[in-house]
Amino acid sequence: MSTDSEIIQRSLGQPRAFAELFDRHAGAVGRYAARRLGPDAGEDILSETFLVAFARRTAFDTSWDSALPWLFGIASRLIRKHRAKEARHLRSSTESMNREEHISAGGLEATIARMDAEISTRELAPRIAALSAKDRETLLLYAWGDLTYEEIAQALGVPTGTVRSRMNRVRTRLNPTRLASRGRDLNGKEGEVDGHFRARA
């Protein structure tokens, strides 16, 4: 099977080959965008992401076999243009929790599981909404994009240490009592229990 890098390089001479990249990663990018902005805006972000990726494919770092972090980086930058919609979506999620015991599996419930926090979704959603834009984006790439710390760093164009620092800060702000009582350390090592929450292990 061709790597993403090989597909992108082939697409430079055969543009139609880029469709293979869409077939491979549209599902993951689309789901992430939909969770951030809702299904309608998510579809727009998905389309824009691959249009931008196609136009900028010559800039792809061919040392990476997978293009998924690169695609998530493009999607994240486009999502920043829709912050108002994202804020409304989070407020809507908070309101829905007043009527429902749990959020759907496609919503913040997945984040709660990954954060290993024994607090209600009613308490967690406003805390996520209150995070800084950079911290919230890092958290959601981890929880909804299912990226490792290294991949998040590539997607956002920051050092892995910055991602680790943001995730430590996010965990403290989302559940400071539990963090203090357990003193768990997140060191961001890809594929290992440390640096990933329990659901990641």
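This is a predicted model: local features need pLDDT of at least 70, side-chain atom pairs count only at pLDDT 80 or more; totals for chains, interfaces and linings use all residues.

**Exercise 1.** Find out which residue forms a salt bridge with Arg-24, and say where the two partners lie.

*Solution.* 
- Step 1: Look for the partner. Arg-24 pairs with Asp-4, and their closest N and O atoms are 2.7 Å apart.
- Step 2: Arg-24 sits in helix H2 (residues 19-37) and Asp-4 in helix H1 (residues 4-11), so the pair links distant parts of the chain, 20 residues apart.
- Step 3: Asp-4 has a relative accessible area of 3%, which is under 20%, so Asp-4 is buried. Arg-24 has 32%, which lies between 20% and 50%, so Arg-24 is partly exposed.

**Exercise 2.** Work out which residues are linked with Asp-135 in a network of salt bridges.

*Solution.* 
- Step 1: Start with Arg-169. This residue forms a salt bridge with Asp-135, with the closest N and O atoms 2.8 Å apart. Arg-169 belongs to helix H10 (residues 160-174) and Asp-135 to helix H8, 34 residues apart.
- Step 2: Turn to Arg-173. Its side chain meets that of Asp-135 in a salt bridge of 3.5 Å, N to O.
- Step 3: Join the pairs. Asp-135, Arg-169 and Arg-173 make up a network of salt bridges.
- Step 4: Compare accessibility with the cut-offs. Asp-135 is buried at 1%, while Arg-169 is partly exposed at 31% and Arg-173 is partly exposed at 47%.

For context, a search of the whole structure finds 5 salt bridges.

**Exercise 3.** Decide whether Glu-137 is buried or exposed, and identify what its side chain meets.

*Solution.* 
- Step 1: Locate the residue. Glu-137 is part of helix H8, which spans residues 133-143.
- Step 2: Check accessibility. The relative accessible area of Glu-137 is 5%, which is under 20%, so Glu-137 is buried.
- Step 3: List its contacts. Leaving aside residues up to four places away in sequence, Glu-137 touches Tyr-32, Arg-36, Ser-76, Arg-80 and Leu-156.
- Step 4: Pick out the polar contact. The side chains of Glu-137 and Arg-80 are joined by one of 3.0 Å.

Terms used. Residues are numbered from 1 along each chain as its sequence is written. Side-chain values use heavy atoms; hydrogens and water are left out. Helices (H or I, at least four residues) and strands (E, at least two) are DSSP runs, numbered from the N terminus. Buried means under 20% relative accessible area, exposed over 50%, partly exposed in between (1.4 Å probe, protein chains only). A polar contact is a pair of N or O atoms within 3.5 Å; within protein, one must be able to donate a hydrogen and the other to accept it, and residues adjacent in sequence count only if both atoms are side-chain atoms. Contact means heavy atoms within 4.5 Å. A salt bridge is a side-chain nitrogen of Lys or Arg within 4 Å of a carboxyl oxygen of Asp or Glu.
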